[in-house]
Amino acid sequence: MAACAALASGTGSVLESIGIRRAGIFGGTSFDLVLLRKQYVYFLGLCADLTGFVLAAAALHLLPLFLVQSVIAFSVGVTAVISALLGIRLAGLGWIALAVGAGGLLLLGLSAEPTPAHTLPAGWGWMLPAAAVPVAALGYLGRQMPPRVATPMLAFAAGLGFSVVGIAARTLHVPDSPGQFLQPGLLAIVANGAVAATVFAMSLQRGGAAGTTGATAIMFTTTVTVPSLIGLLYLDDQVRPGFAAGAVVGFALAVTGAIGAAFYASARHPSGASVAAGKFPGEHRTGAKVTQIPTPARD
């Protein structure tokens with residue numbers, strides 16, 4: 001289930017990037033959600049992300065955060081592979097990085113002990129929805145920064161927001177009555193998820209085509225490390241007896257593989273940036289307008 005969540009999230013990142021580019025706001029100095037209202041591709045990407053979240057939340061009921069978050073983070077590999085299928089050739093070292101990350105995920109899968117999480121005390125639980133405020137503040141500050149600073153800053157802020165979503169999903173009590181829908185876990189998921197998705201879209205927009213995979217890597221690396229530590233320290237996430245070393249090595253390999261795949265995918269953007277940015281073969285763009293260039297008929 002976590003693997004399906006990674007597939008959905010990686011696909012969503014590609015679709016969102018394409019939608020932002022088609023709206024004509026890639027690399028600009030301001031972010032306008034109104035410009036995205038006609039970009040069905042962007043909202044299709046959001047639906048894919050939502051599907052990935054639902055699958056991840058289901059997996060988090062029994063699996064520890066360090067495993068599920070690592071699998072979801074590896075969706076950057078899915079992003080790289082889809083980009084390669086669209087025309088951006090991934091360097092040989094990029095495929096090696098994907099293999100390294102996959103090996104790390106295998107070790108993590110063998111090391112994880114399926115257990116339910118501890119429930120957070122009421123006071124701590126209400127801190128999760130409040131975490132959306134500093135994430136939104138970082139997003140606001142990021143808008144004032146130059147792109148080289150704003151892109152990683154916004155991606156990191158989005159990672160923090162999605163980290164809170166993962167923690168809330170791990171500790172969520174499934175509502176069995178209408179009154180329980182106002183529990184802090186659900187509010188935290190909605191508030192932080194909405195803010196993080198917006199801030200991540202801003203990161204993609206400020207970074208431009210070449211920064212898409214790098215921003216995704218920063219976001220997912222944050223999404224792995226922060227909740228994994230909290231899960232191990234406070235939520236009773238456990239490693240199988242005798243597999244501690246395997247879990248550490250697997251975690252390092254999974255994160256390294258995801259970052260490596262992101263780096264080598266970004267390095268090949270000059271040869272195919274138009275495809276990664278949402279410009280497909282046979283299309284010509286002027287601003288946000290797209291016109292189709294006829295292609296020769298094939299016998």
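Predicted model: local features only at pLDDT ≥ 70, side-chain atom pairs only at ≥ 80, totals over all residues.
## How covered is the protein?

A residue is called buried when its relative accessible area is under 20%, exposed when that value is over 50%, and partly exposed in between, using a 1.4 Å probe and protein chains only. Residues are numbered from 1 along each chain as its sequence is written, and side-chain values use heavy atoms, with hydrogens and water left out.

Now for the whole protein. Of its 299 residues, 48% are buried. Its accessible surface is about 13900 Å², and carbon and sulfur atoms hold 72% of that; such areas come from the Shrake-Rupley method with a 1.4 Å probe, and for residues only the protein chains shown count as cover.

## The overall build

The secondary structure consists of 13 helices and four strands. Here helices (H or I, at least four residues) and strands (E, at least two) are DSSP runs, numbered from the N terminus.

Contact means heavy atoms within 4.5 Å. Among the contacts in the protein with a separation of 6 or more, 80% are between residues 24 or more positions apart.

## Helices α1 and α3 together

Two packed helices are described by the angle between their axes and the distance between the axes. How do α1 and α3 cross? The axes of α1 (residues 2-22) and α3 (residues 65-73) come within 7 Å and cross at roughly 35°. Axes are lines fitted to C-alpha atoms, for helices over the stretch in contact, with angles that run from 0 to 180 degrees between N-to-C directions. The crossing of α1 with α3 is right-handed; a crossing has that name if the near helix is turned clockwise from the far one by less than a right angle, and is left-handed if anticlockwise.

From α1, the residues A2, A3, A5, A6 and S9 meet V68, V71 and I72 of α3. By class, this contact has seven nonpolar residues, one polar and no charged ones. Ala, Val, Leu, Ile, Met, Phe, Trp, Tyr, Cys and Pro count as nonpolar, Asp, Glu, Lys and Arg as charged, and the others, Gly among them, as polar. As for cover, nine of the nine residues in α3 are buried, including F66, Q69 and S70.

## Two helices and their spans

The expected span of a helix is 1.5 Å times one less than its number of residues. Helix α9 (residues 147-170) has 24 residues and should span 34 Å, and its end C-alpha atoms are 34 Å apart, which agrees. Helix α9 is also mostly covered, with 17 of its 24 residues buried.

Helix α2 (residues 40-60) has 21 residues and should span 30 Å; the end C-alpha atoms are 30 Å apart, so the two values agree. Among the buried residues of α2 are V41, Y42, G45 and L60.

## Buried residues and their neighbours

Leaving aside neighbours within four places in sequence, S228 is in contact with L65, F66 and F251. Of these, L65 and F66 are buried residues of α3.

L128 sits in helix α7 (residues 127-130) and is buried, at 12% relative accessibility. Beyond its neighbours within four places in sequence, L128 is in contact with several residues, among them L120, V164, I167 and N192. L128 and V164 are 36 residues apart along the chain, yet their C-alpha atoms are separated by 6.4 Å.

## Exposed spots and a loop

Y140, our opening example, belongs to helix α8 (residues 132-143). V190, in helix α10 (residues 184-207), is exposed, with a relative accessible area of 59%.

Finally, look at the loop between α11 (212-234) and β2 (238-239), where D236 lies. Most residues other than glycine have a negative phi. D236 is not a glycine, but has a positive phi of about 65°. D236 is partly exposed, with a relative accessible area of 30%.
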